Every structure is written in C-alpha cells, then in structure tokens.
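Reader: I am new to this structure. Can you walk me through its aromatic rings?

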Amino acid sequence: CDFNVTAIVRRGDLFVTSSTGGKSPTIARIIKEKLAGIFDESWANKLAQVAVLRDELRKKKVGFMKIKEKSEEFIKNKGWF
C-alpha cells in the first residue's frame with residue numbers, strides 16, 4: 001500500500017507528529033510513543049497558558065518579536081524545557 005499516515009500525539013491544540021513518508025511505519029510509531037512520553041497530558045494546559053499570555057500581549061499591541069521574547073521567557077521560567 002502507498003497510503004501514508006502521520007503518527008500524531010495530540011495534547012489539546014498541540015500536535016506533535018512523526019512520519020517516515022511510508023518508509024517505516026514502525027519507526028514512526030516508535031517515535032510517536034517516545035514523543036507521547038515527553039509531551040504528556042499536561043502540555044494541553046501549558047499551551048493554553050502561553051496562548052493567554054500571547055493574547056494579552058497582542059491586545060496591548062506588542063510586536064511579534066517582543067511576544068516571541070516574552071513567550072520564551074515565560075516557558076523558561078516555568079522550567080518546561
């Protein structure tokens with residue numbers, strides 16, 4: 001079969017995917033399982049927190065680069081990575 005399906009880990013609005021272009025569905029599945037262990041269910045809430053911050057900054061007419069900087073600072077301070 002030449003039909004390819006991406007292996008998807010979904011945590012709320014967060015999608016983390018792996019694909020091998022059909023070369024090895026087994027590898028794609030194994031990677032998906034590893035990603036699912038790294039990105040547990042708490043990531044849905046983490047994404048929601050960053051989205052709130054982003055929305056607040058956009059309402060204040062903060063520019064893209066400052067939003068990026070503030071988002072990275074927020075994530076770093078939370079210790080998520």
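Author: Gladly. Bear in mind that this is a predicted model. Start with tryptophan 43: its relative accessibility is 10%, so it counts as buried, the cut-off being under 20%.

Reader: Which residues does tryptophan 43 touch?

Author: Leave out residues up to four places away in sequence. Then tryptophan 43 touches Arg11, Leu14, Ile38, Trp80 and Phe81.

Reader: What lies over the face of tryptophan 43?

Author: Lysine 46 does, at 4.4 Å from the ring centre.

Reader: How do I read a pair of rings?

Author: Two values describe a pair of aromatic rings: the distance of the centres and the angle of the planes. Now the case here. The count comes to 5 aromatic pairs. In one of them, phenylalanine 39 and tryptophan 43 have ring centres 5.2 Å apart. Their planes stand at 65 degrees, so this pair is edge-to-face. The angle cut-off for that label is over 60.

Reader: And phenylalanine 74 with tryptophan 80?

Author: Their ring centres are 5.8 Å apart and their planes are at 80 degrees, so that pair is edge-to-face.

Reader: Is phenylalanine 74 buried or partly exposed?

Author: Partly exposed, because its relative accessibility is 23%. Tryptophan 80 is buried, at 16%. Phenylalanine 39 is buried too, at 14%.

Reader: Which residues do the ring pairs link into a cluster?

Author: Phe39, Trp43, Phe74, Trp80 and Phe81.

Reader: How many residues make up the largest nonpolar core?

Author: There are 7 residues in that core. Phe39, Trp43 and Trp80 are among them, along with Val9, Val16, Leu35 and Val50.

Conventions:
Residues are numbered from 1 along each chain as its sequence is written. This is a predicted model: local features need pLDDT of at least 70, side-chain atom pairs count only at pLDDT 80 or more; totals for chains, interfaces and linings use all residues. Side-chain values use heavy atoms; hydrogens and water are left out. A nonpolar core is a set of buried Ala, Val, Leu, Ile, Met, Phe, Trp, Tyr and Cys residues joined through side-chain atoms within 4.5 Å. Buried means under 20% relative accessible area, exposed over 50%, partly exposed in between (1.4 Å probe, protein chains only). Contact means heavy atoms within 4.5 Å. Rings of Phe, Tyr and Trp (its six-membered ring) pair if their centres lie within 6.5 Å; planes under 30 degrees apart count as stacked, over 60 as edge-to-face and the rest as tilted. A charge sits over a ring if NZ of Lys or CZ of Arg is within 6 Å of the ring centre and within 35 degrees of the ring normal.
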